[in-house]
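Here is a walk through a two-chain model, written for someone who likes to know the cut-offs behind each term. Have the viewer open while you read.

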Amino acid sequence: MRVKLWGTRGSVSNPSAGTRRYGGNTSCVEIRGTAGEVVILDAGFGLHWLGQRLMGEGFSSGSEAHVLLSHVHWDHIQGLPFFTPMLVEGNHIRVYGRGVNGQGLKDALLCQMERAYCPVPDFFDDSIGARLTVHEFDNDSFTIGGVEIRARQIHHGDAAMCLGYRIENDGGSLAYLPDVDYADPEHFESAIDLAQGVDLLIHDSLNREGERPVAGHATDADAVRVGEQADVGQVMLFHHHPDRSDDEIDSIVASYAQHRIRVSAAAQGDEIRLSSG
Amino acid sequence: MQLPQVLVKSEDPFYIGGHLGAPKIPIIDHHPTDATPTMKILFWGVRGSFPVAEAHAAGYGGNTPCLEIDAAGQSIVIDAGTGIRGAGQALVARGVQQIDLLLSHAHWDHIQGFPYFAPLDEESVTVRVHSLRHPTQSLNEIFSGQQQAPFSTRPLEEVRAKLEFIEHEDGDEFDLGETKVTCRRLNHPGIAAGYRVESGGHVLAYICDTDLDGEVLHAEGLDETVEKADLLQQLRQNARDLGHSADLLVCDTFFLPEEYEPLWGHSCPDEFLRLAGQVDAAGIWLFHHRPGRADSDMDGILERYRSAAAAEGVQLHAAREGVEVSL
């Protein structure tokens, strides 16, 4: 499968000269299965540019995209109203995830479209073009074409529910844990379980040791520790702090140069191929 | 459509961010003068719809709307797009204790930076948010709504600064120190206002977001007994009043004529050049650039309208993140 990074930043987009190499768009990762399945992890602002690429590739009437949401914090859903393939009749956009605090996922997504905040057409309206369906689930496994997906609840602060995903296709595997904290050893175990033996672990690294921690997030050291214990092929630091500069990320990655596990940082625009070979 | 790519670090001076420190912003003085300026305007965010961290927008900038104004020592911020993060870091670094935020309207791209506005973490600071009154939602509700669970982990109640919400009526004039501010309703979906900021004989007009000359009435909650055509006339007059004799007129030029969508509530440079000519404004600044607009497109737009601007006797600029103008 092919993995492409369209948004790597956490919390809020930061377009600036100091963040250009690792990118300033909020979270969005594209996965293409070997049979052409379009699976998208999270819908931050990177989603808009992925949508433009899909349209350029002829993503038109009859195409299907599967958007897996980790949770509904703004930085993971704010790109949805600007996902152009949603406007094309015959397309089918399936959004997967979980509601929270008794509110269903669809209702949560509708809050973003509230008229006082959002002037763009409501994508739940049948007349918008594409068909949109919302699939709610919890700790669950399912397949999209030849892409196998396993979701598992991970800990993201006290109030927020977050799903981590494990994705396998044609012998390649990745785990996606974009927003996670390890306040309790139990939280650690579910992350290790989900990431066990994957080729690529995409992991939250918003915090950094020695800085005032932002609640609900992990450090690069946490990411590497999960990677080590789950025996993954590569740890990719993700969901960068909005103020984290490219140079700082370089130095974080460099600090793991001698580590037995390969550590990299997610850079917007990068593409990775994962396969059994 | 230009596709994102792995970006190379350039020598571009528009460096905003740095790590949790004071932002580095170059001072570009478009109106050099020996006298102490009475008004300084700094563009922190110029992009419309949503922030764009893509190579094609790196030169003009990808942050959503935010202007910082220093009016004879009074700190005024217009709109709270993602650009307000940089403005906030700079205001805290300078130890500014009183900030007035003028909000055009509550669409996401104009408020999404607010939870990350650094002065809100400072107990000693007072932040006053000004906006046109919304008929059904208080300003407090609008801002609390953005910062509520399950969408945000930063509830508004946790703000340490003294935060005040001040709701104005169409046409209100109010003083911020020696600076006079006028708030007028504009034609844009929902409840949107433009502002006129006057200080020491200089005038900044912020007329964004709006469809200046469109035939569709977008503004909501207006007096239903009045004819639509009359309401449109009234909203157009509002824009003229705001822009009258402005030194600097910040415009909503999301569209070019060939892209114009009558249902979106945005304008083209043509209408603003006409307006500037009519109301004797010195210069217009194209603003609220659409997300796909590349830097080269912006340069092309300036070229395209150069002669029309000259014919109107109006200076033409395109707002660019990091540019400071002194009046």
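How many helices and strands does the secondary structure of chain B come to? Chain B has seven helices and 14 strands, where helices (H or I, at least four residues) and strands (E, at least two) are DSSP runs, numbered from the N terminus. Chain A has six helices and 14 strands.

Some ground rules. This is a predicted model, so to speak of local features a pLDDT of at least 70 is needed, side-chain atom pairs count only at pLDDT 80 or more, and totals for chains, interfaces and linings use all residues. Residues are numbered from 1 along each chain as its sequence is written, with chains lettered from A and ligands numbered from 1 in the order in which they are written.

**Overall numbers**

A residue is called buried if 20 or more other C-beta atoms lie within 10 Å of its own, exposed if 12 or fewer, and partly exposed in between, with C-beta atoms placed from the backbone. A contact is a pair of residues whose C-beta atoms, placed from the backbone, lie within 7 Å.

The C-alpha trace of chain A spans about 55 × 45 × 40 Å along its principal axes. Its radius of gyration is 18 Å, which agrees with the value near 19 Å that a compact globule of 277 residues would have; the radius is taken over C-alpha atoms, and the globule rule is 2.2 Å times the number of residues to the power 0.38.

**Two sheets in chain A**

Strands pair if DSSP finds at least two bridges between them. On that basis, seven strands of chain A make an open sheet with mixed pairing, in the order β6-β5-β4-β3-β2-β1-β14. Its edge strands, β6 (131–136) and β14 (271–273) of chain A, each pair on one side only. From one strand to the next the twist averages 20°; axes are lines fitted to C-alpha atoms, for helices over the stretch in contact, and angles run from 0 to 180 degrees between N-to-C directions.

Inside this sheet, β2 (residues 28–32) and β3 (residues 38–41) of chain A run antiparallel and share four bridges, with R32(A) opposite V38(A). Helix α1 (residues 46–56) of chain A lies across β1 (2–7), β2 and β3, at about 125° to β1(A).

Out in β14 of chain A sits I272(A). I272(A) counts as partly exposed because it has 19 other C-beta atoms within 10 Å. Leaving aside residues up to four places away in sequence, I272(A) touches V3(A) and L200(A). I272(A) is 241 residues from I31(A) in sequence, yet their C-alpha atoms are 9.6 Å apart.

Chain A also has an open, mixed sheet of seven strands in the order β7-β8-β9-β10-β11-β12-β13. Here β7 (140–144) and β13 (262–265) of chain A are the edge strands. Within this sheet, β10 (residues 172–177) and β11 (residues 200–204) of chain A run parallel, joined by four bridges, and Y176(A) has I202(A) as its bridge partner. Helix α4 (residues 185–195) of chain A packs on the sheet, touching β8 (147–156), β9 (160–169), β10 and β11, and its direction makes about 165° with that of β8(A). Helix α6 (residues 246–254) of chain A lies across β12 (234–238) and β13, at about 175° to β13(A).

**Inside chain B**

Is strand β1 of chain B enclosed or open? Six of the seven residues of β1 (residues 39–45) of chain B are buried, so this strand is largely enclosed by the rest of the structure. Six bridges tie β1(B) to the antiparallel β2 (residues 66–71) of chain B, F43(B) being partnered with L67(B). Three bridges join β1(B) to β14 (residues 324–326) of chain B, also antiparallel, and there L42(B) partners E324(B).

Helix α3 (residues 139–146) of chain B has L139(B), I142(B), F143(B) and Q146(B) as its buried residues. Seen down the axis of α3(B), they fall within an arc of 90°, so they line one face of the helix; the arc is that of the directions from the helix axis to the C-beta atoms. Their cover includes α2 (108–111), β5 (126–132) and β6 (162–168) of chain B.

**Where the chains meet**

The contact takes 46 residues from chain B and 46 residues from chain A. On the chain B side, 24 are nonpolar, 18 polar and four charged, where Ala, Val, Leu, Ile, Met, Phe, Trp, Tyr, Cys and Pro count as nonpolar, Asp, Glu, Lys and Arg as charged, and the others, Gly among them, as polar.

Methods:
Two residues are in contact if their C-beta atoms, placed from the backbone, lie within 7 Å.
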